[in-house]
Structure formats: structure tokens, C-alpha cells
Amino acid sequence: MKVTLSLDKTCTDDVSIVVDSLRASTTIVAAFDNFEKVIPCFSPEQAREIAKKHNGVLAGERKGSKIEDFDIGNSPTAVKSYKTDKDTLILTTSNGTRIIEPMKSTVLIGTFINSKSVAKAAVELAENHIDVVMAGFNKDFGIDDYLAAGDILYWIEKELNDSKDPKNKIDEYDGKVYWKELDGLSEYAKSAVIGSRDEELCKKYIKNCRSGKRLNYLGYSEDVEFCMKRNISTNVPIYKNGILELYKNK
């Protein structure tokens, strides 16, 4: 199994995990505690039109701030606490939703809060290649996504090493089963894994990265704290036909 780490665009047509830790990925994962589906949109205008058609809740931001006429912003804490009988969230964001549209692979959404579960789902779904894709900051490298990707890569590596999925069975001889193993992470991916293991140091750098500082300045410090929590959710969103739904583990 090949496992790679990319920025902004995927390099596989197999399975991609989109990581926008502050905050689109976290908002989407958290949304499935209250909603049955999430529709990512690529402009506020498109979101408004889809919200009318689906009678959905409008969520979104530009430059970190809530879009003026929307119900809520791109906020995982607001999404979790929002009271509604509607089952669809329509979401538009600056980064995370933007990079989903052109992907031809099976797309999962991952971040710190569901890293173990999304890793397991990716290993179940992938035939030979998992690409963890960082949304970044204005198409540039973002340390928050790098560290969240590292945590997901840690769990992918562990899952592959521990997996006994029949599709990973290579041969059986004299009662011993031989399994397909991880080809090995690149040094780029390995450094992300290493960087992700010290939780306190991760929190320090995420709070002081460009996205973290901007969100704190805009009054979203609670969101930043929430986005850094690890494995508090088993929700794994999967993108199908323009809609994010909850992946059902095998």
C-alpha cells in the first residue's frame, strides 16, 4: 500500500483524505452529530441556491468570518450546538471545500478529532494508494494541517501494520499467512508523523500558526481548542455525487 502526503491537490485516483484542520474538516466531521448530510459549495451564491432547494442550514466563512446572511459560520462548536430540525448542512469555506471539487478519487474528510477512524476507513477502501491532502493556508503550507495529517498518517501506518483485511492477504504457506505491508512513508510524511506525536507542542504551534492567530483574533479561540482535540469522534465523512455522507465502516 502506497501512502503519500500532498498539498492542495491529490496525486491519486484511489483514496484521498482532505485535511483542513482549522476549520473546514473539523466542522464537517462535527456536523454529522446533528446532520445527515453536508453539501460543500464553492461560492456563497451557490450555497444560497442549494439551501433553497434542499431546505438546509447555511454555514460558511470568508477570511475566517461568518458570511453575513448565513445561519452559522464555519465553526465546529456552532455546528454541534445549533438547534434545527433540518437534516442538511450547506457549507462553503475558503480552503477545505475548494479542493474537494476537482478530485477524481474517493474522498474522505479527516482531522485530529477523527484521525483514527478516518485512517481505518481509508485502509478499508483503498486498493493500493492513500493520499493525505493538506488544504493549507491560501494554497501555501500550513503547519496546522501538516500536524493533523501526521496524526492521520500515524494511524494509517498502525492500521496497515495491524490489518488482517483479506484483500491484503498475499499468500498462505504451511499454515502461515503472508500479508501486504506498507511500502513505507516518504521522509516528508514521516516527519509529519514525528511532529504530531507531542500533543502539547502541537497545540502551541497550532495556536500560533497563521490560521490559529487569525481565528483567535476574530474571537474563535473556542473553535481552535476544539479543533486540536484528538479522536473524540468516529464520524468519517465520504464525498459522493457532490454530497458528503457518513461512511459506514465494514
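Which helix holds Pro76? Select helix H3, residues 76–81, and you will find Pro76 there. Helices here (H or I, at least four residues) and strands (E, at least two) are DSSP runs numbered from the N terminus.

Before going on, a word about what is loaded: this is a predicted model, in which local features need pLDDT of at least 70 and side-chain atom pairs count only at pLDDT 80 or more, while totals for chains, interfaces and linings use all residues. Residues are numbered from 1 along each chain as its sequence is written, and side-chain values use heavy atoms, with hydrogens and water left out.

**Stop 1: Pro76**

Keep Pro76 selected. Its relative accessible area is 0%, so Pro76 is buried (buried means under 20% relative accessible area, exposed over 50%, partly exposed in between, with a 1.4 Å probe and protein chains only). Now show its contacts, meaning heavy atoms within 4.5 Å. Leaving aside neighbours within four places in sequence, Pro76 touches Arg23, Thr26, Thr27, Ala30, Asp223, Phe226 and Cys227.

**Stop 2: backbone geometry**

A cis peptide bond links Leu22 to Arg23, with omega about 15°. Arg23 sits in the loop between strand E2 (15–19) and helix H1 (24–31).

Most peptide bonds are trans, and most residues other than glycine have a negative phi. With that in mind, go to Lys63: it is not a glycine, but its phi is positive, about 55°. You will find Lys63 in the loop between strand E4 (57–62) and strand E5 (65–66), and its relative accessible area of 69% makes it exposed. Then jump to Asn241, another non-glycine residue with a positive phi, about 50°. Asn241 belongs to the loop between strand E11 (237–240) and strand E12 (243–246), and it is exposed at 82% relative accessibility.

**Stop 3: strand pairing**

Strands count as paired if DSSP finds at least two bridges between them. E2 and strand E7 (residues 106–109) run parallel, joined by 4 bridges; Ser16 has Val107 in E7 as its bridge partner. E7 also pairs with E11, in the antiparallel sense, over 2 bridges. Look for Leu108 opposite Ile238 of E11.

**Stop 4: helix H5**

What packs against the buried residues of H5? Select residues 115–125: H5 is mostly covered, with 8 of its 11 residues buried. Among them are Val118, Ala122 and Glu124. The buried residues of H5 pack against E2, E7, E8 and helix H6 (143–162).

**Stop 5: Asp131**

Move to strand E8 (residues 129–134), where Asp131 is found. Asp131 is buried yet has no salt bridge (a side-chain nitrogen of Lys or Arg within 4 Å of a carboxyl oxygen of Asp or Glu). Its nearest side chain of opposite charge, Lys2, is 8.5 Å away; Lys and Arg count as positive and Asp and Glu as negative, with His and the chain ends not counted. Beyond four places in sequence, the residues that Asp131 touches include Thr4, Ser6, Thr10, Cys11 and Ser16.

**Last stop: Leu7**

Finish in strand E1 (residues 2–7), with Leu7. Leu7 is partly exposed, at 31% relative accessible area.
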